[in-house]
Structures are given as structure tokens and as C-alpha cells.
Amino acid sequence: MINVEEWAEIRRLHRAEAMGVKAIVRKLGVARNTVRAALRSDEAPKYEREGPGSAVDAFEPAIRRLLAVTPDMPATVIAERIGWTRGITILRERVAELRPAYVVPEAFGRTEYKPGELGQWDLWFPDYDIPVGHGQTARLPVLVGVPCYSRWTLARMIGSKESADVLGGHLELLVELGRCPRVGVYDGEPAISVRRGKRLIYTHDYLRLKGTLGMGSIVLAKGHPERKGVVERTNGYLETSFMPGRTFADRDDFNTQLSDWLEHKANVRVHTGLRCRPSERIEEDLAAMIALPPLLPDMDSHRDLRLPADHWVRHQTNDYSVHPKAVGRRVHVRVDDARVSVTLGTEVVACHERVLASHVTVTDPAHDRAREAARALAAAPKAIDDGVEVRDLAVYDEATGAA
């Protein structure tokens, strides 16, 4: 069974690069049926716990030293150099995992972009305290995306830097755009990837997103913001041209004003670098992008738990009430950009608007009433019925003639 990263790469090669099954088999060295199964499946393979260590583990430092000097050294040559005497397949797989860390990608270094080729993404933090209710304010991130050929700007303020908010916002902006750039360029956001030494590891949720869409990705190392200068300059433009003099009632008001400004100002101005308007290039850009699949991935936050006796569930720092009928039973908690919902089987036992303030307890009055009714029922005195029939003593008097 292939892992989620291989599944994502197979779908990217087919959807973004228009490669056939045979070409993918030759490129990745996997079975033809494996490729066909990955293309048929819109669901990412489920995570499986890694087994015990591999025989290659002891040779990994030597492999890394060879790749650091010659990144394109074939696996067969590496096997000879390190004295490998076992099967070549397991060594070839490990070399394939390690090699990308020593090969510097070149796509982000170009200043000329082809239609539909690259989209750069970043989080921008406006210097403004957004009212989030309950007398509180917060500095919320704005997810910004720019297709590099047209310089068309997409932006939306999201609830937090957590994975579900970042990837959910990413998907919403792509749906708004209507298509998907073939390759996305990112900073090392924890929602996208983590680095362990020189090894880049994508998060499972991001692999589900990119695999379903069929797009590629480039994650830049720290200290190279200029390599995604298109979106960095857009962040600066938003800071200097959109923010000054504005006030916002809440996050929805921010997004409404931002959307209106992008539509009537940013995307129809004459771009200094292009010497034309993004709106004059966007159609050509879109035509070369990948079409969105009919079934989009679910990027909401999901978790299962057994509801405690106080019948509240916590998301971030806030508590949301649940109907007390679910106490002690396993429930499913789903959080999207706007709401927190809890289900018991197929029954919805809680549905609240999501709160962006901190340390707030959100209670549905119906849940309070149900709790008080349950308490009253438990406290009410109960008639004692021991189940023993009480016989009229006159019957015994009549039987013995004493009456």
C-alpha cells in the first residue's frame, strides 16, 4: 500500500503534468495497478503507524554524506560505496526519500512565469486589533495567495494559524479563484510542513489537500523570503494601500472591505512589474491551471471524545455546551471557520457559532434547561413499592370463624 505522499505525487503528475499511467510507473518505480488505484481514489490513504527500524538505518549517515557531495549519485553506486549487500529495492527507496533534501529546486528562482505554473502563498499579520466579541480584540492572520503570471491577488482573514484554518482558508481561496495553480510555493508554516534536519516532511492534512487537487509544492528554507517575492510584495502593498485610515467592526467586516478593495482596486490597477492589469492576464492564467476536482477534501477540524459529566467541549481556549443526554457517550466534534458542532451518532447535540475571543464559555439555554430538568427529576421523592401484596386480615377471621 502506498503512503499519502506517494498518492499525492501520483495525482499531481497525472493532473498537473498530464502524465499517463505508464509514464508515472517509469518515473516513480511503482506498480501500474498502484498508480491506477491512486488515480481512482479521491481519499488519501490513512496513516499507519511506522514499524520497527529498517536495515538501512545504520547506513543513512553514509548515504547522506555521499548525497551531500553528489546529489544525483545513483542508488546502485551508493550501494557499492557503502558496502550494501542486501536487496537494492529497500536502499533505493531510502535514497529516494533523502535525495530531495540535497537537490536545490530552481522553480522559485525565476523572474519570468508561465501561465498557470506557480502560485505563491503566505500569512500576513496586519498591525490592527480586530474586535472578536466579548470585549476582546486579536491580531488575526490574513492568508494571501498570488498566481505569479497574472499577479491576481486573493486574500482572506482566517481565525488562527492552526492547520484546519490555514488549509481550509487555502481551499476557500482556490474555490474562489475557480482553478488551482500547478505548483504552490510556501514558507515553512507548521500547517504545511516541518523540517527534521535537512529532511522536509509534509503534514498529513496538507498532503490530503495537494493530493486531491493534484498540485505540486515548494517549501522554502528559512532565510530566503526573496524567493517568493511576488507574494511578499503583495503583503507590502496591502499594508500600505489597503490598511491606512480604515476601521473594522469585526473579522467579517474586514473580509468584506478587503474583497471589495481587491475587486475594484488591486486587481484592476496597472501593475508596475507587468505594465498591465492583473485582470487582463487572469483568463490566460486560469486556462493553464488545473481544474478543481468534483469532490473537494474536507479540511475542517474533526475529533472524537467521550463527553464528560459537565457536558462542555473545548476548542482552543473556549468551552461550548452540549446537550446533557450525551454525557458519558462518544461524540464527534467538528469545527469549521464559522461554527462548532457536536453529533451523537447522526443526532446534532450542539451547534454554536465559533468564538474567536479567548477563555469564553458558550452555553445554549436549551442545554441549561435540560440539565436542570434532569436534576429536578433525580431529586424528586419516589414512592416506595416493595412489590409485596398486603392481604386484608378480615379474610383470616372469616376462615377461622372468629368473625
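Start by selecting helix α3, which gives the largest share of the positive patch: 3 residues. Keep in mind as you click around that this is a predicted model.

While you look along a helix, here's a handy rule: an α-helix has 3.6 residues a turn, so residues three or four places apart point the same way.

Zoom in on arginine 32, which lies in helix α3. Is arginine 32 buried, partly exposed or exposed? With a relative accessible area of 42%, arginine 32 counts as partly exposed, because that label covers values between 20% and 50%.

Next stop: select residues 204-213, which make up helix α8. Here 8 of the 10 residues are buried, so helix α8 is largely enclosed by the rest of the structure. Colour the buried ones if you like: Tyr206, Leu207, Arg208, Leu209, Lys210, Gly211, Thr212 and Leu213. Then step on to glycine 214, which follows α8 and has a positive phi, near 80 degrees.

Finally, zoom out to the whole protein. You'll find 13 helices and 18 strands. The radius of gyration is 30 Å, well over the 22 Å that the globule rule gives for 403 residues, so the protein is more spread out than a compact globule. Of the 403 residues, 41% are buried.

How values were computed. Residues are numbered from 1 along each chain as its sequence is written. This is a predicted model: local features need pLDDT of at least 70, side-chain atom pairs count only at pLDDT 80 or more; totals for chains, interfaces and linings use all residues. Side-chain values use heavy atoms; hydrogens and water are left out. Helices (H or I, at least four residues) and strands (E, at least two) are DSSP runs, numbered from the N terminus. Buried means under 20% relative accessible area, exposed over 50%, partly exposed in between (1.4 Å probe, protein chains only). The radius of gyration is taken over C-alpha atoms; the globule rule is 2.2 Å times the number of residues to the power 0.38.
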